[in-house]
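Please have a look at the structure below. A short report on its main features follows.

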Amino acid sequence: MDVPLKWLAQYVDWDLTVEALAHRLSMAGAEVESIKRSGGAWEHVVVGRVEAVEPHPNADRLRLATVEHGGNEPLQVVCGAPNLAAGQTIAFAQVGAALIDPSTREPRKLRKGKIRGVTSMGMICSERELGLSDEHEGILVLDTDAALGTPLADVLGDVVLDIKPTPNRPDHFSILGIAREVAALTDGAVREPLDSYPEAPASAGDRTSVQIDDPEGCPRYTAILIEGVRVGPSPQWMQDALSSAGMRPINNIVDSTNYVMLEWGQPLHAFDFGVLRERRIVVRRARAGEQLALLDGSNIELQPDDLVIADAERAVALAGIMGGAESEISDDTTTILLETANFQEASIRRSRARHTETGTEASRRFEKSLNPELCELAARRAAALIIETAGGQALSGIVDAYPGKKHIPQVVVGQPRIEQILGLLPSVETTRGILTALGISNRWLPPNRYSVSCPPWRSDINVPDDVVEEIGRIIGYDNLPSEPLPGAVPEHDIDPERILSERIRDVLSGLGLREIITYAAVSADELDAVSPDGGSPSIQLQNPMNTERDRMRTSLRPWGLRTFGLNQRESRGGLALFEVGKVFLPNPGGLATERRMLLALIGGDLSPSMHGGEQRPLDFYDAKGVLEQLGHGVGAEFAIAQHAADAALSPGQSASVTVAGQSVGVIGRVEPAVASQFNAEGDVFALELSISELAPLIGGAVTVASPSVYPAAVEDLALIVDESLPAGELEAAIRGNGLVEDVELFDVYSGEPIADGSKSLAFRVHYRSPDRTLSERDVEKARRGIVRRLASQFGAELRDS
Amino acid sequence: MALEVDLDGLESEARSALATANDADALEDWRVDWLGRRGRLTTVLRGVRDLPVEQRPAIGAGANRLKGELESALAARQAELVAAETDGPTIDVTLPGRRPPLGSLHPVTLTRRTMERTFRDLGFDVVEGPDIELEEYNFDRLRIPAGHPARDMWDTIWIADDDSGGPRQLLRTHTSPMQIRYLERREPPIRVIVPGACYRYEATDATHEWMLTQIEGLVIDQDLSFAHLKGTLEAFVRRMFGGEIETRFRCDYFPFVEPGAELGVRWQGDWLEVLGCGMVHPEIIEDAGLDSSRYTGFAFGMGVERVAMLQYGVRDIRHFYRNDVRFLREFDRFRGSA
């Protein structure tokens, strides 16, 4: 909303700089987004008066003007304007002023000069030289009683505050609404605009009628009839006011309605009464197939949901948005019907979206939900302005169809509540002063209460705390006290999934992986790609940001792999990423099941191009190492079993991950055919865990083992087993012995002299007791037990060393 | 007595003696001979005061310089001998080191954790809520019914109707629905924050993303006032941005609070909006089954990415979810503890 300060000053005075005024308004809730200045700085350009005009001695087309400019001596200037005359008040540019050069359109400094032998000590300006317009046929004659020598900027220029209203304050879409804010913020008072006019004896109600078929869509419709208007240009002050607020002047009738819309925030519309069939108004929903030619020249086909203003036969306006072309005010119009109505915001919003691109000044205001009580105030004001600017006479009374009239509640707020919410108690005088300046009528109910009611231009004073806000924001939030929270700290929830998620982030970032956070929306194709054997159903978005990615992710894989691929090009050597995030599973009839997942992806080379260092591709066992360290780091006993039933992973290089026999995820090489769909190249290894399933399986009471003070005995154990036997099973069996503290697999060998179909596995076994030093016999006994068990369970043979 | 001092001669004599010292004992003997309390150079230095006045400065300065040089030469000879005694070859210490990988937390995680920790220090609980919400919780119960002008403040991404006849669902546009959900299961005193992802149907540019992370806060107890809102949020901002930060509270509008406000901080000369806040609307307190004349409180919400942009000087919000490793690597130096 553009608020020109000259217009604002008609209703309220203030003694603040523009910046200070804008700051106070913003702090109180009417946010000033920018301060725009019309006109230039116009330094050294002042108000002057032409005292005398004489012919130029050496040129027919030039004359000499003596200009009084508030300085000591009048100055003589050479001027070629045909409209120059003695007695004119003009814009006088002194030597040194920067004026717009007509050829370059850039400012140029004015110098003292001789024109045809006569010295010229300045210039009388046209609009073009001031940068106001391209007008340069004559000089600009000012209509001002400002003292000579007053800077032109004080007279001609204007400052416009661009205010961004919040949705609860449609009154901030009006100059008067802002004036009330200024009054309250500066201990001032608003000068209410005039809204009285003489009425003819004949009654408007006898000449027309208003019928509302849809009271929900139109809670109120008022009509005033004005006869004998002469349509023509509106007066200059009105045109200037509209232009300064960004609206184009049209004619005195339309300009008056627009003026009142900007002044009060209530849109109005004037119909050519003579064009209305049966001279009456019907507010109804459109008929199927009904057409309407609008003021902007467009032709629309109305929908049955559109609210229209109609006469006895056809639609004549799209309610609250735009008038129709046929009933438009024309030069021949003599009688007008002035509409001031209230329309339901949702209905206006639907029609606006259907028929216009950006809406209109009217629809923007109706969409903010106006108070129907405002209609009458605005109607009377507009009638007064129309009669002032276009002549004519109003028939008596207002035709007022008001099916949506509501009781206006008195809001009673006590001083204790004000103090309870604001933390301080302003005086009765301060409180009532604020409310009165805002136009909120108020009474003092002894001993400690106020009774107030919501004014017609607002709808947001309904409960006591609404009044408290008015007082608090005008006093200024920065002037309210500040205190720490009192009282006991409340009990806290424990969320094991949340705690585990954070722990996983810490462990994995500590292991050198980088955390990523990706989007929650994916495409159905992407989900299919990461679940080649058929994925689970997903939740579909009605209006996704990207029409292809219209599913909520059921897997972290698509964005994870895509991010991996994106980074491969730029990362020299290995890449290790992880994400901890939610996936969303449909739950028909209820809210989605949201599960927390971990996806870690690694690939590329370990320590690339490093002198003397180990250089090899990262492989399955690097991923598994991450899993094992993660297990240590979060206290989970991960077990893995050959082959995950997951078609996105290579069958020979994948495993299921379980804790206490329950599946919690998978690990393995991503099938190159899957990875390549996301532009991830080479071997990528994935670790995917369900944090939601893992969280309940870990935690609980922890007893940290005390290190044994007795020495360990270490022995190597080489075993020959069937080649297909997973080493993990053998290792687990060795660990099953009570004296075994730790086992490391340090060699895997097949080939000569081991028989075909067999392999040799060499383990280093650490034996230790918590309560004694083990003897050789103890160790031997334990070893024998282990070998016996491995022989019977797996057919393992000791290899002769 | 005039003393002729041949400093050059002394130096060459000392250096050749040093070159023949081949073990630690010999080095110690040399040090005692030359630099010890009765060493030859020490003696020269002591004798300077007996020199004619005009000779003292030149000889004194020269002798002191020589003392420093001989000390350096001794240290170098010691290092040579130590190196000669070890077995291995001398390595080029300027070759690059082998770097263990340094992982990183995502900047949004880092900032979220700092914010959470700050509120936890102030006694706040931390809970999360669903990303996919009921329209009722995201809007209606927060006093934003269908058709309300304030709904325009949040451009919404809706869940497609699955024909199950269930209520309308959406991607939550803010974390505020958790105010209602938390109130359903907890009694005052309430002091909680809710971090989580939110979604807006909004074109992305340098300052807007369609997915964002918010932290919501709710505090309800007996007789809490706007003064407690100010005190709490000022404390948060001071801990987050440093004690010198300037703050201001501006009137703003959110349907579920009254009075409503926006907290701004002065950042590099400009006022920047950091969070929206206000006193919890009495209807929300009554809807939770509480007496709004007794229980009052405040709520607030802020964007984590926005704060992260301030903290780390990130100019384009789109960097966060693009996850370019070159960007993520910049955060190696930060370790945000949970």
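At what angle do helix H2 and helix H3 of chain B pack?

## A helix pair in chain B

This is a predicted model. In it, helix H2 (residues 24–35) and helix H3 (residues 40–47) of chain B pack at about 15 degrees. Their axes are 4 Å apart. Angles under 35 degrees count as roughly parallel, so H2(B) and H3(B) are roughly parallel to each other.

The contact has named partners on both sides. H2(B) brings B:Asp33, B:Trp34 and B:Leu35. H3(B) brings B:Arg40, B:Leu41 and B:Thr42. By class, this contact of H2(B) with H3(B) has three nonpolar, one polar and two charged residues.

## Where the chains meet

The contact between the chains takes 80 residues from chain A and 72 residues from chain B. Several elements of chain A give two or more residues to the side that touches chain B. Among them are helix H2 (18–27), helix H8 (345–355), helix H11 (415–422) and helix H13 (464–475) of chain A. Strand E29 (514–515), helix H16 (557–568) and strand E32 (575–585) of chain A are also on the list.

Helix H14 (496–510) of chain A belongs there too. H14(A) gives the largest share of this side, seven residues. By class, the side of chain A that touches chain B has 34 nonpolar, 26 polar and 20 charged residues.

## The seven-stranded sheet of chain A

Seven strands of chain A form an open sheet with mixed pairing. The order is E29-E32-E33-E39-E38-E37-E36. Which strands stand at the edges? They are E29 and strand E36 (638–642) of chain A. Each has a single partner strand, so one side of each is left without a neighbour in the sheet.

E29(A) pairs with E32(A) in the parallel sense, over two bridges. A:Glu515 stands opposite A:Phe578 in E32(A). H16(A) packs on this sheet. The helix touches E32, strand E33 (593–603), strand E38 (662–670) and strand E39 (684–690) of chain A. The direction of H16(A) makes about 155 degrees with that of E32(A).

## The five-stranded sheet of chain A

Another open sheet in chain A has five strands, in the order E14-E17-E20-E21-E22. Its pairing is mixed. Strand E14 (210–212) and strand E22 (322–323) of chain A are the edge strands, and each pairs on one side only.

Strand E20 (residues 307–310) and strand E21 (residues 315–318) of chain A run antiparallel. Three bridges join them. A:Val308 stands opposite A:Leu318 in E21(A).

## Domains of chain A

The domain assignment gives domain 1 (2–39 + 159–185), domain 2 (45–156) and domain 3 (199–401) in chain A. It also gives domain 4 (410–479), domain 5 (496–697) and domain 6 (713–798). The C-alpha centres of domain 3 and domain 6 of chain A lie 95 Å apart.

## Backbone points to check

Two cis peptide bonds deserve a look. One joins A:Pro446 and A:Pro447, with omega about 5 degrees. A:Pro447 is in the loop between strand E27 (442–445) and strand E28 (449–453) of chain A. Another runs from B:Pro188 to B:Pro189, with omega near 0 degrees. B:Pro189 is in the loop between helix H7 (177–185) and strand E4 (190–199) of chain B.

A:His44 is not a glycine, yet has a positive phi of about 65 degrees. A:His44 lies in the loop between strand E2 (31–38) and strand E3 (45–56) of chain A. With 18 C-beta neighbours inside 10 Å, A:His44 counts as partly exposed. A:Arg116 also has a positive phi, near 50 degrees. Its place is in the loop between strand E9 (113–115) and strand E10 (118–120) of chain A. A:Arg116 has 12 C-beta neighbours inside 10 Å, so A:Arg116 counts as exposed.

Notes: Residues numbered from 1 in each chain as written. Chains lettered and ligands numbered in written order. Predicted model: local features only at pLDDT ≥ 70, side-chain atom pairs only at ≥ 80, totals over all residues. Contact = placed C-beta atoms within 7 Å. Nonpolar A, V, L, I, M, F, W, Y, C, P; charged D, E, K, R; others polar. Pairing = 2+ DSSP bridges. Axes fitted to C-alpha atoms, helices over the stretch in contact; angles between N-to-C directions. Parallel < 35°, antiparallel > 145°, perpendicular 65-115°, else oblique. Domains from an automatic or database assignment. Buried ≥ 20, exposed ≤ 12 C-beta atoms within 10 Å, placed from the backbone.
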